[in-house]
Amino acid sequence: MIAAAPSLTLKEVAWRLRVSKRTVERLLEHGHLRAVRVSPRRRIVTPEDLAAYLASGKCDSTRQDATPTSRRLLDSGRRG
């Protein structure tokens, strides 16, 4: 069985796009980006939906590395 790529929080999407979380929320409101509501207060974006948004040409700045520094530190067990 192949593991699915982890979904991204709106904060992680904002970090990758180099925009604010509010800008990501606006992209969702205007239908430029898709998200899945997993609870009344939480939405996630699949890597496929983020890739589709990037391929649409509506965004010109992205970060190439996978996760924010704070997440990398938490994943490695270090605190910073």
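Visitor: In which strand is Arg 37 found?

Guide: In this predicted model, Arg 37 belongs to strand β2, which spans residues 36–39.

Visitor: Why is Arg 37 called exposed?

Guide: Its relative accessibility is 51%. Exposed means over 50%, so Arg 37 counts as exposed.

Visitor: Which residues does Arg 37 contact, leaving aside its neighbours within four places in sequence?

Guide: Arg 37 is in contact with Arg 42 and Arg 43.

Visitor: How many salt bridges does the structure hold?

Guide: There are two salt bridges. Arg 22 pairs with Glu 25 in a salt bridge, and Arg 22 also meets Glu 29 in a salt bridge.

Visitor: What makes the pair Arg 22 and Glu 25 a salt bridge?

Guide: The closest N and O atoms of Arg 22 and Glu 25 are 3.3 Å apart. A salt bridge requires a side-chain nitrogen of Lys or Arg within 4 Å of a carboxyl oxygen of Asp or Glu, so the pair qualifies.

Visitor: Why are Arg 22 and Glu 25 separated by about one helical turn?

Guide: Both lie in helix α2 (residues 21–29), and they are three residues apart, which means a separation of about one helical turn.

Visitor: How do you know that the side chains of Glu 29 and Arg 22 meet in a salt bridge?

Guide: The N to O distance between Glu 29 and Arg 22 is 3.0 Å. The limit is 4 Å, so this pair also qualifies.

Visitor: Which residues have the most contacts inside the largest nonpolar core?

Guide: This core has 13 residues, and those with the most contacts inside it are Val 13, Leu 17, Val 24, Leu 33, Val 45, Leu 50 and Tyr 53. Helices α1 (10–17), α2 and α3 (47–55) each supply at least two of its residues. Helix α1 gives the most, with four residues.

Technical notes:
Residues are numbered from 1 along each chain as its sequence is written. This is a predicted model: local features need pLDDT of at least 70, side-chain atom pairs count only at pLDDT 80 or more; totals for chains, interfaces and linings use all residues. Side-chain values use heavy atoms; hydrogens and water are left out. Buried means under 20% relative accessible area, exposed over 50%, partly exposed in between (1.4 Å probe, protein chains only). Contact means heavy atoms within 4.5 Å. A nonpolar core is a set of buried Ala, Val, Leu, Ile, Met, Phe, Trp, Tyr and Cys residues joined through side-chain atoms within 4.5 Å.
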